Amino acid sequence: MSAALRASPKQSNLLRFLKPQTTTPNPSSLLRHLSAEPHHHPPPQNDSSSLVGQVVEPLQTTDNDGNEDKFPELLFPSTGPPPSPRDLLQTIRRLGSTTEALKFFYRVQTVRPQESELLSFTLEAVFEHASREPNSHSKLLDLFKRFKNSGIPFSANAAGLLIRSFGRAQMVDESLLVYNVLCPSHRFTHIRNSLIDLLFRRGRVDDGLHMLDEMLKPNAEFPPNSNTGHIVFNALLKRDRIGRAVDEEEVVGLVSKFSKHDVFPNSVWLTQLINRLCRKTGWTDRAWDILHELMKSGGVTEAASCNALLTALGKAREFEKMNTVMAEMKKMNIQPSVVTFGILVNNLCKVRRVDEALEVLEKMNGGENDGFSVEPDVIIYNTVIDGLCKVGRQDEGLGLLERMRSQPGCMPNTVTYNCLISGYCKSSEIKAALELFDEMNKNGVPPNVITLNTLVDGMCKHGRTASAVQFFREMQGKGLKGNAVTYASLINAFCNVNNTGKAIELFDEMLEARCSPDAIVYYTLISGLSRAGKLDLASSVVSRMKEAGFSPDIVTYNVLVNGFCRTNKLDKAYETLKEMEEAGFKPDGVTYNTLISYFSKSGDFRAVDKLTKEMAKEGIVPTVITYGALIHAYCLSEKLDEAMKMFREMSSSSKVPPNTVIYNILINSLIKKNQVDEALSLMDDMKVKEVKPNTNTFNAIFRGLKEKNQLSKAFELMDRMTEHACNPDYITMEILTEWLSAVGETKKLKSFVHGYQVSAPSGKWEK
């Protein structure tokens, strides 16, 4: 395609309509059309030469006929130089309307019909007049049609004026016509910019990109400038633009081509592009490539774009590449901001690389970080303190809080204290957390609902529910109201100790306080009531949950099914399953495990077999809970051979290894059948498969060995128990005390209790 753009179908019709005229423009008809419009306010007055005044004043007198005769001599005197284009422009600009300007043009054309440059400038002034009058785009279009094929070249300024005016009226094809009739040597960058801007705004992306391609050629006569870049990147990177989508690879290609002309996207557009690239899976390297290319070209001078890439690299845990970006910033003398270091510190803390985050902070406190001087702010301090607290190093975080007080502009705030209080609560140091809360109030740092929730939850999780309620009441008295999270912690705590009455009371209080429960609060209460066997109340809460606009999820339905099964309300369990499926939820592994466990315990192995087949058909893989329920059921039904068969199947063909609970079920059953050797064999199997025995495992074996009076084996297991740091409980002590006292081995019992190895006994007590 040539420098002239191909016209659209609409434009083609327009071109046929505007085909070259063989006759000269009819001035009288055009003057009549223009004269029908009222005069607009006079154009701006400029300082004029004496020539301008000599020409304009006679033209504005009432004796037009006399002036018509004087016009050639006034404008083109026989003595002296002819008027310059500037003089002509100034003269016409002093006229009162487009009609007068057009009359002046025709007079000039009559006197100097061959002087195209003078005529071009005169016509430009006519266009200027028309552009300032009402319905300007219509008048300009009429003028353009008249003079398009008159042989008078349009000046670049005239073409620019027409394109801008037509553009404001959304007349894209007409703007293209103006561009196409303009002399190629006058298609300057600013003209192209106006047209590209219009094309992009009207969704003509391909036309705009085609014109841009001509400008981006290595030796383009009219290369892009910074305004071109602003127009293009603004159009292609904003989200609400019209026209076809331009993918990231196209934009990256344009950025690269623009950079060859030393035109670069500004910090805002480049940051947007980096963000877009980084959001696409696998495109982070491409983002780095373009950013690095622009860095080398001098197109990146601010940290914002680098920060966008650092954020993406941090999410991908690409710390080596983050260091590379930082090194390149230093090399290119791009000053990082406090946000830059904040991104680095935040991502290090997220992956628990807190020591490295501390190193960055220490360098910043020293006034220099890899050649850059950036002071840490409150956010960076808070990030590091939070990171320390999450790895159990809250005492070090407390030390940073003290340092913040000595640094100007870095006083600890509510977030600082919240991080530390959370850390101490998670490490069970409730007293230290409360002391920090008191210090917080003393220093005038206001607590917020997060502070309240952290302390309430911490106290509840460590068995101090009454203290949590008291603290909550105190805060309510001071105007700090709780939210759904506060009530959820308290309701859950009371449900865990089976105090469902208090849980319901708090739930009702929450509603009265107009604190809307969220789905978590409803689930917590339903779960607690179900565990307590209060299924009618649980169902009532489910109804209230639906009334509040929340739909039960699969977890809620499973809790109810489990509750109904445990209370032998199988009809209710089936009703819940039916409702669950009608709500669009298929039974999952938890549902099947609940039902399998119920039917196994009731000895209905036909139902169990049906459920396991249905489970396999649905593609749900049995879990250790599934196998545990079946093995336990076989053992309860004294079908030990079936239980061992399933255990062997689990150990060989299944991808689910048996756990301590399953081993304990089988060992207990074998001991009850007096099959001690088989039980010991299973315990050896645990050692091979690195399944750690617990106190229940050892108790079952001790009971069997006592019946067989296998004392040496008991001593051996006592040593293993000590090695595993498995503490004996009262059952262990009851079995061993009775047995070892009877055989005179109390010293060994004392050694065992104190954690010492027990020597092998003499064989006299063996059977």
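A residue counts as buried when its relative accessible area is under 20%. With that in hand, here are some close-ups of this predicted model.

**View 1. An edge-to-face pair formed by Phe 127 and Phe 154.** The ring centres of Phe 127 and Phe 154 sit 5.7 Å apart, with 85° between the planes. Phe 127 belongs to helix α7 (residues 116–131), while Phe 154 is in the loop between α8 (136–147) and α9 (156–168), so look for two distant parts of the chain, 27 residues apart, linked by this pair. Phe 127 has 0% relative accessibility and therefore counts as buried. Phe 154 is buried too, at 7%.

**View 2. Phe 472 meets Tyr 487.** Here the ring centres are 5.4 Å apart and the planes stand at 90°, which makes the pair edge-to-face. Because Phe 472 lies in helix α26 (residues 465–477) and Tyr 487 in helix α27 (residues 484–496), the pair ties together parts that are 15 residues apart in sequence. Phe 472 is buried, with a relative accessible area of 0%, and Tyr 487 is buried at 2%.

**View 3. An aromatic cluster of Phe 105, Tyr 106 and Phe 147.** These three residues form one cluster. The count of aromatic pairs comes to 16.

**View 4. Helix α29 alongside helix α31.** The axes of α29 (residues 519–531) and α31 (residues 554–566) come within 9 Å and cross at roughly 10°, so the two helices are roughly parallel. The crossing is left-handed. Residues making the contact include Tyr 523 and Ile 526 of α29 and Val 559 and Leu 560 of α31. By class, the contact has 5 nonpolar, 4 polar and 2 charged residues.

How values were computed. Residues are numbered from 1 along each chain as its sequence is written. This is a predicted model: local features need pLDDT of at least 70, side-chain atom pairs count only at pLDDT 80 or more; totals for chains, interfaces and linings use all residues. Side-chain values use heavy atoms; hydrogens and water are left out. Axes are lines fitted to C-alpha atoms, for helices over the stretch in contact, and angles run from 0 to 180 degrees between N-to-C directions. Helices (H or I, at least four residues) and strands (E, at least two) are DSSP runs, numbered from the N terminus. Angles under 35 degrees count as roughly parallel, over 145 as roughly antiparallel, 65 to 115 as roughly perpendicular and the rest as oblique. A crossing is left-handed if the near helix is turned anticlockwise from the far one by less than a right angle, and right-handed if clockwise. Contact means heavy atoms within 4.5 Å. Ala, Val, Leu, Ile, Met, Phe, Trp, Tyr, Cys and Pro count as nonpolar, Asp, Glu, Lys and Arg as charged, and the others, Gly among them, as polar. Rings of Phe, Tyr and Trp (its six-membered ring) pair if their centres lie within 6.5 Å; planes under 30 degrees apart count as stacked, over 60 as edge-to-face and the rest as tilted. Buried means under 20% relative accessible area, exposed over 50%, partly exposed in between (1.4 Å probe, protein chains only).
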